Amino acid sequence: MYVIEPPQQASVAVSGREDRFPVRRIFCVGRNYAAHAREMGNDPDREPPFFFTKPADAVVDTGVSVPYPPDTSDMHHEIELVIAIGKPARAISVDDAMSVVWGAGVGIDLTRRDLQAVAKKMGRPWDFSKGFDNSAPIAPLVPIADVPSLSKGRIYLEVNGEIRQDADLAELIWPVADTIAYLSASIALAPGDLIMTGTPAGVAAVSAGDVMTGGIDGLGTIRTEIGQPLA
Ligand code: MN
């Protein structure tokens with residue numbers, strides 16, 4: 001029994017099914033494509049991956065409009081491969097890592113870039129630049145048996161029909177299995193966890209009224225419109 005009504009379970013749609021995937025936590029990889037690391041002013045040499053998180057209830061289904069958030073005038077899109085964890089994993093090896101993957105999908109890591117720039121400069125946490133309301137639009141997940149590949153395939157994002165990000169999963173600095181193994185050495189992964197695996201080059205600002213469409217070969221597409229700010 002609880003003293004207030006417990007929060008609703010956050011969840012993501014599943015491709016071709018009505019049942020949904022319950023979300024426990026969202027881990028995100030920073031700088032996982034060399035060209036994006038360079039565009040953000042960093043050295044893309046293969047330093048260890050680092051992670052930040054978003055709250056589980058930041059997820060938004062494809063087709064749902066996201067209100068332009070407060071506290072920013074520079075919100076960026078980051079198209080990303082999303083991995084859904086279906087089994088517990090603690091200190092799992094690279095060789096065994098794929099056995100805990102339930103499925104995969106297409107997501108957008110919305111980022112208040114101006115807040116992130118201040119956080120970086122001041123040595124402060126990234127939370128409010130990355131973990132704000134509705135900051136994780138995610139398309140229906142594809143069960144792993146139906147995923148053609150997580151190691152290659154085009155990943156792209158268009159804004160109002162104009163291409164902004166266009167790369168290939170083969171460019172991931174830390175492939176999916178390596179990322180899971182590395183993360184599980186520090187945090188015990190659990191069913192319901194999502195991992196957003198980082199974005200390729202081409203990140204840029206979006207405004208109210210813009211429509212983002214993106215996709216990954218074999219994993220479907222996502223469409224997210226930016227709405228007016230909440231009153
Ligand atoms: Mn990202």
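Colleague: Are Glu78 and Asp109 buried or exposed?

Modeller: This is a predicted model, and in it both Glu78 and Asp109 are buried.

Colleague: Which residues coordinate the manganese ion?

Modeller: The manganese ion is coordinated by Glu78 (OE), Glu80 (OE) and Asp109 (OD), at 2.0 to 2.2 Å. These atoms count as donors because the cut-off for this metal is 2.8 Å. Along the sequence, the donor residues follow the spacing E-x1-E-x28-D.

Colleague: Where do Glu78 and Asp109 lie in the chain?

Modeller: Glu78 is in the loop between strand E7 (75-76) and strand E8 (79-85), while Asp109 is in the loop between E9 and strand E10 (111-112). The two are 31 residues apart, and the pair links distant parts of the chain.

Colleague: How many aromatic pairs does the structure hold?

Modeller: There are 4 aromatic pairs. In one of them, the ring centres of Phe21 and Trp102 are 5.6 Å apart and the planes meet at 45°.

Colleague: Why is the pair of Phe21 and Trp102 called tilted?

Modeller: Stacked planes are under 30 degrees apart and edge-to-face planes over 60, with the rest tilted. The angle here is 45°, so the pair is tilted.

Colleague: What makes this pair a tie between separate parts of the sequence?

Modeller: Phe21 belongs to strand E2 (residues 21-22) and Trp102 to strand E9 (residues 101-108), so the pair ties together parts that are 81 residues apart in sequence.

Colleague: Why is Phe21 called buried?

Modeller: Buried means under 20% relative accessible area. Phe21 has 6%, and is therefore buried. Trp102, at 28%, counts as partly exposed, because that class runs between the 20% and 50% limits.

Colleague: How do you know that Phe50 and Trp126 are edge-to-face?

Modeller: The planes of Phe50 and Trp126 are at 85°, with 5.7 Å centre to centre. Edge-to-face requires an angle over 60 degrees, and the pair is accordingly edge-to-face. Phe50 lies in strand E4 (residues 50-54) and Trp126 in the loop between helix H2 (113-122) and helix H3 (127-130), so the pair ties together parts that are 76 residues apart in sequence.

Colleague: What is the relative accessible area of Trp126?

Modeller: Trp126 has 18% and is therefore buried, since the limit is 20%. Phe50, with 25%, is partly exposed. Ring pairs also link Phe50, Phe52 and Trp126 into a cluster.

Terms used
Residues are numbered from 1 along each chain as its sequence is written. This is a predicted model: local features need pLDDT of at least 70, side-chain atom pairs count only at pLDDT 80 or more; totals for chains, interfaces and linings use all residues. Side-chain values use heavy atoms; hydrogens and water are left out. Rings of Phe, Tyr and Trp (its six-membered ring) pair if their centres lie within 6.5 Å; planes under 30 degrees apart count as stacked, over 60 as edge-to-face and the rest as tilted. Helices (H or I, at least four residues) and strands (E, at least two) are DSSP runs, numbered from the N terminus. Buried means under 20% relative accessible area, exposed over 50%, partly exposed in between (1.4 Å probe, protein chains only). Donors are N, O and S atoms within 2.8 Å of the metal (3.2 Å for Na, K and Ca); water is not among the atoms, so sites may look incomplete.
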